[in-house]
Amino acid sequence: MEMNQAQINAINHNTGPMLVLAGPGSGKTLVITKRTLKLIEEYGINPHNILVITFTKAAAEEMKERFEALTGRSSGVNFGTFHAVFFTILKYAYQYNASNIIRDEQRNQFLKEIVEQLTLEIDDEKEFISGVLSEISLVKGERMDIEHYYSINCSEDIFKKIYRAYDSRLRKSNLIDFDDMLVLCYELLAERPDILAIWQKKYQYILIDEFQDINKVQYDIIRLLAQPQNNLFIVGDDDQSIYRFRGAKPDIMLNFERDYPEGVKILLDINYRSTKKIVHKAACLIKNNGKRFAKNIKAIKETGQDIVLINFKELKEQNSMVVADILKYYKKGIPFSQMAVLFRTNTQPRALIDKLMEYNVPFQMKDVIPNIYDHWIASNIMAYIRIAMGSRDRALFLQISNRPKRYLSRECFEDPIVDFNRIREFYNDKEWMIDRIHKLEYDISLIKNMNPYAAINYIRKGIGYEDYLTEYAQFRRIKIEELLDTLNELQEASKEYNTFAEWFDHINEYQEELKRQAQQKKYNKDSVSLATMHSSKGLEYQVVIIVDANEGITPHRKAILEADLEEERRLFYVAMTRAKEYLHIYSVKERYNKELSGSRFVGELLLERNGLKPGVEVEHKTYGLGQIKKNQQGKITIYFEQLKKERTLDLEFCIQNQLLTIKE
């Protein structure tokens, strides 16, 4: 591939700091490898004094392979992740070895035991532990004072207890986690100038890929290592910074010129991946972010096809169209492996998976798609149903006895087989408890004669399971909608089955098929990729289909602050720019009997804000053709021919609801 002038300028950079802004598909890996080669072959730098840092082990190995393909030999250049590099420093200082690094299963077990010791009643234990571990990582990565940290998973008091107990377990076990590696390395280099000098002499030239994903402690260490020469060559795209929840801060990249005023900035502004229409629409979207480097990305490829935008009546229609699209492109000669379906969260595609299985479309999941029937809510619902079908297993009764609260103690379920009369005997001196037991027995007898859909509806409304979920959501500091989404999906999935036996047979078949798909993933390379927007980063496909482009999904309902919304917009931008030739963006009017509106991001990519100037002709969905008279402070004034008068409208509302288009 012939290199463009911006790439050549970046590759030729010798000493001092440089910021390389690399848009999607702009050839950043080529620039890093070629610049590394230039340092060795033309500037006479010892390969052992060059450090190339990536964020994942796979990326480091790929970078090393590409570099060695250029040189035709083993190089001596240091390629590694932040953690690998920093652990090397710790090994020499503290004689750590791999056995000192806590394994993921150990971390989870530590947290599980701590939760038990604190006697916390957590239904979604797996999600809770995962969430708390992410928060612990964030606190350490930002070097925060835990006293001033506000947890999103539990009360501050509980979080502090968990954090301190976890930290204590690590110390007693002589273990460190990945975040400790960073913090300990920073403290070592900051407090020991003699040790810092050794590593500064070793790593005289530092190149960092995907710099937009760096967090505070990583950056602080790199700044120490780069001194005093500051031969720091950073490559990234602030528009693709999508790991804020892990502590990544685009502000670090945005402030690089302030930290290094002597630095040089270069923009790799040619996209070699996508068609002109995809690049243009993606730019229309991302320009709505306020905190970013201004860029004008150009496509080298032809104009290409229009982006396909469809708003379906319901989820079934969307899933049917996705399958039809995949089969259509396959018949055109595009392999399945060059197609991807992207979604905001890994719980979205479960109904789509059913449809793909129905049409025998091979697929592979880039993320673990949670099996809805393994979810704790599904487990509760099925426990009710199995009891209604005749089971008297003690474990099932313990699961449902206080969901919702009935104040039944574990002691009343002494026997492995439950007898309602025995429970009544246990509470024979408490008439109000006898009434609760009668009610439970009555409810179970009613469920027995229902179909699965009606049974779930009765459990949630008649028995009061939804009330229990509302209380639990408050305790866990999560939105009730997140739990109701799972319940709605479960109920919808049961709709076409007349009996519990039929539904349970389907559940078994579905679970077996998921296992089969997971096993076949190794052998069937030609398969459609199902991936979250996060895990699609760095990948590219001829065909990309983005599903569920709705408010509350993308942007996610948790995105309240402007910084959160900007991150969501960057995520959508990343998803769009995975497409090389064909891009479809689908939304639904209704999902599980709940009305949804289209994503504001679709409205933003349809309308370029810069084009909304006085004198420009536009078309409004309701008011027809008009001419812009004024556009300021979020209000747009348009003279409409049909109305014969001016209307002043809220610009954000018009964009988000796709009400305005510019007349070509």
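Begin by selecting C284, which counts as buried at 3% relative accessibility, where buried means under 20% relative accessible area, exposed over 50% and partly exposed in between, with a 1.4 Å probe and protein chains only. Before going on, note that this is a predicted model, in which local features need pLDDT of at least 70 and side-chain atom pairs count only at pLDDT 80 or more, while totals for chains, interfaces and linings use all residues. Residues are numbered from 1 along each chain as its sequence is written, and side-chain values use heavy atoms, with hydrogens and water left out.

A search of the whole structure finds 0 disulfides, a disulfide being a pair of cysteine sulfur atoms within 2.5 Å. Another cysteine to select is C412, which is buried with a relative accessible area of 9%.

Next, go to the peptide bond between R403 and P404, which is cis with omega about 10°; P404 lies in the loop between α17 (394-400) and α18 (420-426). Helices (H or I, at least four residues) and strands (E, at least two) are DSSP runs, numbered from the N terminus. A cis peptide bond also joins T554 and P555, with omega about 5°, and P555 sits in the loop between β13 (541-546) and α24 (562-576).

Then select Q633, in the loop between β17 (624-632) and β18 (635-640). Its phi is near 50°, a positive value in a residue other than glycine, and Q633 is exposed, with a relative accessible area of 78%.

Finally, zoom out to the whole protein, which has 26 helices and 20 strands. Its radius of gyration is 29 Å, close to the 26 Å that the globule rule gives for 664 residues, so the protein is as compact as a globular protein of that length; the radius is taken over C-alpha atoms, and the rule is 2.2 Å times the number of residues to the power 0.38. The C-alpha trace spans about 90 × 80 × 50 Å along its principal axes, and buried residues make up 53% of the 664 residues.
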